Structure formats: C-alpha cells, structure tokens
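Trainee: I would like to learn how to read a few features of a protein model. Please start with cavities.

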Amino acid sequence: MPAVFPDRRRLLLSGLALHVLSACGGGGSAGAAPSPAPAPAPAEIPALKAHFAAHFKIGMAADPGGYKNAVANPVILKHANSITAENCFKPASLAVSPGVYNWATADELAAFAAANGMVVRGHTLCWHQQTPDWFFTGTAAEVRARLETYVHDVVTHFKGKVACWDVVNECTSDDASSAYRNSRWLQILGPDYIEHALRAARSADPDAKLFINDYGTEDPAKLARLMTIVAGLQAKGVPLDGVGHQLHVSTTSPTPANVDNALRSVAGKGLVNHVTELDVSLYNDPGSCFASRTGCAADITGDATLLAAALKAQALQYRALFNVFKQHASLQSVTTWGIADNSTWLSGFPIARGNRPLLFDATGAPKPAARAITYDSYLP
C-alpha cells in the first residue's frame, strides 16, 4: 500500500544493471574455442499484456495523478490491460460522510480504463486503515448497517465498470493468536464483518468477482490462517470468488516454492488467484526495521556497484516469480504496485531511502527485471 501505517511494519519484505562485455586479449591456448558471449540486453521488450496474454492480465496500480505523468503514461498504456487505484477507491477517499460520496477521481480512473481497454480492480471496500472514524461509531448494529450501506452504494455506483473487488483487505492475523486480525471491524462486529461485506457486494453487483486480499500469503503459517478464514466462509455459503496475494517481496524472499504453495492452496478451494500488489524491494531488512525502524539497510542507490548487484538479484527474483505464475491456470491477473520507479511507496516505507522495486526505471525504460521476465535467454 502507498499509505504507511504502523501495523504494516510487521510485514517483512524478507535502473538498469550494468552489463559489461570486456574484450579478452590472450589467455587461452592456441586453437581453443572462444567462450560464447552472453545474450545481449534487448533494446526494448514486448508489451507485457500481449506477452502474457495466454496466462493472465497485467495490471498496474496508480491514481490519475500517477498515470498521467510523462514517465508513467506511455508505460501503462503499452503494457497494462488492468488497473488498480492506489488510493482513490478507498473509503477515506470516497466516503465524505454517511451517504455522501466524492466520486470524481475514481470516476476519472474508471473512464481512463474504459477508454484504453483496461479492466478495473476495485481496491478496497473494507479495510482497517484509510477508513473514516465515523464508520465505527454507535452500536454494533449501526456499524454493520453502515458497512453494508457503504459497500452496496460503492459497488452499485461502479456496476459494470469494475470487474472485481478486493472486498475485504488484510483481515488475517500476523501471529498465531487468532486467524483474524484484531481490527476495529473485528472488535465491533466479530468475524462476521467479512461475510457482511461480501454479501453486500454480491447483492449490489452479481457479476463482479469478489476477493479477500492480503499480504504475507507466501508465509505458510499466515497462509494457513487465511485458509481457515476462507474455509469458514465457504462452509456458510458466503460469496467469495478469489484471493488476492499482495506479494510485497524482496530480492531474497520469499522462495518460489512458497509462492507456488500459496497459489495451489487457493486453487484447491476452487478459487481464483490474483497477484495484486507485486514489487521487489532492493533491500533485505530485518524484522526490526519494520517494527521499530532500526537495523534498516542503508541506501544503496548512490553506489553503482551495489546497485547493479541488487538490480541483478531483483531481475532473477522477478523471473523466478513469473515462472511460478505461468504454471497456474487459476492465476488470472498479476498487478505491480506502481508503474515505474519514478513513483513508489517504498521510497518512504519502512524508511525514507532510494528504492527501485518495479519493472521500469524512473525514466520509464525497461529494467533488467522486465527483460528477465520476457526473454528466457537474457542474462541479467
């Protein structure tokens, strides 16, 4: 998420690399065959939405201000056929007061998507952050009615314009004490708040696909807690079409096997998978960095050698992840949390420092990571 909140610090996230071809003079025995040169970096890459069309849609997250600038606009128009609003679909942006809405920016995004052949992922209807305090005032019955009314009003407004909704965002606990995050929604309404939101969304638009979206699904323990929530909803016949995997990750974590396990677990429940907020941080910070902002790795973006090594590791991680993604027919959409490195929430989270977590650099040019996922022969 672009907005930074203390609870997010518990999430452990666990440009252009220089490709130098040196002319070698001598050193080999007479008549020895020369070593093959590494595959050259392609000058351009194919449109990602076409390259991966047989597997899944390619999405990018941005508000109108994020996709209208000169760097990002050509990138999203060429490469994406799905878009997620970074902030303008959240309750803090839409819900002025009970029954009063500010639709202008969200409507602008929906119109942009329609004009450019993109589907819209609605993000998000029910979250413990970026939700006005007035949602939580009054009795439990009043809070439930307010939630259901809000969900119904928003989904109805965008009926036919939004293909799917992250109805409930980050409802899973980060520890083993409970399957459910101890949010204000849980404290007031108990676990049934998830059901209330999903049923209200289905009632408003029977054709939209409904998702629970969460981070840390690549951690087997957290995944197990999420799947407990999913199983409970399915046992009650609650409408749920899929699970969104945020995948805010780093160059060394998670392992591809853990991502594969998460996708298989969801598909095993008969649900659709979406990757919803993918980025690969250059930094492999300890947990203390997210909990107390201590021990965080120092900015490497000013050191050409360290940066080149990090961008190579990033490219290999993106390639490994996309190789897993392509194996899963249940995975229908892959969205990066941002368009290009000129604008990323990771510039300020968990601390302020340079970060280059996306597939395109700050000028909009494809990075080693973009080449790595589109050319199997490319050596980053």
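Trainee: What volume does the largest cavity have?

Mentor: On a 1 Å grid over the protein atoms alone, a cavity is a set of points where a 1.4 Å probe fits but cannot get out. Points are joined across faces, edges and corners, and the volume is the space filled by probe spheres set on them. In this predicted model, the largest cavity has a volume of about 30 Å³.

Trainee: Which residues line the largest cavity?

Mentor: Lining residues have an atom within 4 Å of a point. Among them here are Cys126, Trp127, His128, Glu170, Arg181 and Tyr193. The lining divides into 6 nonpolar, 3 polar and 2 charged residues.

Trainee: Is aspartate 341 buried or exposed?

Mentor: Buried means under 20% relative accessible area, exposed over 50%, partly exposed in between (1.4 Å probe, protein chains only). Aspartate 341 counts as buried because its relative accessibility is 8%. Aspartate 341 sits in the loop between strand E11 (331-336) and helix H13 (368-374); helices (H or I, at least four residues) and strands (E, at least two) are DSSP runs, numbered from the N terminus.

Trainee: What does the side chain of aspartate 341 contact?

Mentor: The side chain of lysine 367, in a polar contact of 2.8 Å. Such a contact is a pair of N or O atoms within 3.5 Å; within protein, one must be able to donate a hydrogen and the other to accept it, and residues adjacent in sequence count only if both atoms are side-chain atoms.

Trainee: How many of the residues count as buried overall?

Mentor: Of the 380 residues of the protein chain, 54%.

How values were computed: Residues numbered from 1 in each chain as written. Predicted model: local features only at pLDDT ≥ 70, side-chain atom pairs only at ≥ 80, totals over all residues. Heavy atoms only, no water. 1 Å grid on protein atoms, 1.4 Å probe; cavity = no way out; pocket = protein on both sides within 12 Å on 5 of 7 lines; lining within 4 Å. Nonpolar A, V, L, I, M, F, W, Y, C, P; charged D, E, K, R; others polar.
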